[in-house]
Amino acid sequence: MTETGNKKPRGHILVVDDEVELMRALCESLTDEGFEVQGLSDPALAPDALRENECDVLLSDLMMPGTDGIQLLRKCLEIDPHLVGVIMTGQGTIQTAVEAMKAGAFDYILKPFRLQQVMPVLDRALEVRRLRVENIRLRRFVQRLTFESERYRIVGSSPAVRKIVQMIEKVAPTNAGVLVRGPSGTGKELIARAIHGNSARRDKPLVTVNCATLQESLLESELFGHERGAFTGADRTKPGLFEVAEGGTLFVDEVAEMAPALQAKLLRVLEDGHYRRVGSTQEKRADVRVIAATNKPLEAEQAAGRFREDLFFRLNVISITLPPLKERREDIPELIAHFLHTRQVGRGLMTVDPTARAALCSYDWPGNIRELANVLERAQILAEGTTITPDDLPETVLASRAAVPGAEPQPPVATSPDDLDRMERYHVADVLRRHGGNKVQAAKALGVSRRTLYRLIEKHRLAAESE
């Protein structure tokens, strides 16, 4: 194993090539580039080397005595399924590329090559490795999350969702207050439920209040309670939501709509836990975690004098921002499947045909996730059978669909390694297009697993064709 000094290596590479001089030269060059490298001329030693030392990327020759790079990659993936394989080959054919991809290779490099050609491939491979490991860790955490029901599960695997899950992972075990920000319909209450459900307070109540739905006097009474005779109509003593939520969590939605006088009372509770019922002189103390949410920019509200600066800073200790749905379109297919499963309307599980799915994925969703859920509920009601078609979608959704493409592009001709890569991209994109973005059917047509197809989509940035 070649060390790179005290500096953290860019990644761990296992180079396997029976051409000893080439293998040694490649190892030296990659070490100079900041990688930690182990080189082997005997492929039979690679599985044991992988068991003994963690490796990010396997860089293997295709043709070697007793085995080949594809067979070796299959053996190594059995040891580490998240290993990223790159095949070096002098046989630049589509058949070679397809065989390598079927075996689980991320990419291939044509011999002879220069180091400048290898580096971008390794950088991409290391990024894939990082994402695989991160996704596994996040999936394991999400699997550990406690949800009230499947209906309230966090859905999506986009970078934005991964970041939100990481924040929940960090903040849920603490007692810190949280400010959840984002447009209406993005799932702010869902985040509050996830934080509460995975905190030490999960066995106590989660109570919600929307500041936009109540007048100032009614909201004060709702939050802090009131004594009998405190105002006209107060014929009995009523505990407030801070009392109801004792030991648990209070979710204050649309906090920017709270009147300034009431903001001061909320600030006092956040600062020292003390409050009074309306009409009472007796102090009460609350042990309640407050999670607030808003769809307004509180900085602008503060600058305009509509929101207290001290309350803003008190609420904004931990901030989680939810993006609009149009900024995380890659999550739409998962959300569609989730809502069809958890919000069935009077019949069995329904599916969405490719044309309707394309329209759903291309629409901007000004109402965000809430609007998507409502559109799918409407579509289930209107659908004639068990498949949702464009006829079941609103005109606003259909109007956003991209124009129908014209003549299909002609496949490129391979005259160089770059052309070979473009041929592979064209072939995968063409199969996805012909199967309407259905990945199960496309994988069967290509003769690869769905896992391998997802790698090809990621490699060639084919998200649009796969929707």
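## Before you start

The model is predicted, so local features need pLDDT of at least 70 and side-chain atom pairs count only at pLDDT 80 or more, while totals for chains, interfaces and linings use all residues. Residues are numbered from 1 along each chain as its sequence is written, and side-chain values use heavy atoms, leaving out hydrogens and water.

Helices (H or I, at least four residues) and strands (E, at least two) are DSSP runs numbered from the N terminus.

## Helices α8 and α10

Start with α8 (residues 216–224) and α10 (residues 260–272): their axes come within 10 Å and cross at roughly 15°. That makes α8 roughly parallel to α10 (angles under 35 degrees count as such).

In this pair, E216, L219, E220, L223 and F224 of α8 meet A261, L262, K265, L266 and V269 of α10, where contact means heavy atoms within 4.5 Å. By class, seven of the contact residues are nonpolar, none polar and three charged.

## Helix α7

Next comes α7 (residues 188–197), with eight of its 10 residues buried (under 20% relative accessible area, 1.4 Å probe, protein chains only). Among them are I191, A192 and I195. The buried residues pack against α6, β8, β9, β12, β15 and β16.

## Helices α18 and α19

Finally, α18 (residues 439–446) and α19 (residues 450–460) pack at about 95°, with axes 9 Å apart. The two are therefore roughly perpendicular (65 to 115 degrees).

Here K439, V440, A442, A443 and L446 of α18 meet R450, L453, Y454 and I457 of α19.

How values were computed:
Axes are lines fitted to C-alpha atoms, for helices over the stretch in contact, and angles run from 0 to 180 degrees between N-to-C directions. Angles under 35 degrees count as roughly parallel, over 145 as roughly antiparallel, 65 to 115 as roughly perpendicular and the rest as oblique. Ala, Val, Leu, Ile, Met, Phe, Trp, Tyr, Cys and Pro count as nonpolar, Asp, Glu, Lys and Arg as charged, and the others, Gly among them, as polar. Buried means under 20% relative accessible area, exposed over 50%, partly exposed in between (1.4 Å probe, protein chains only).
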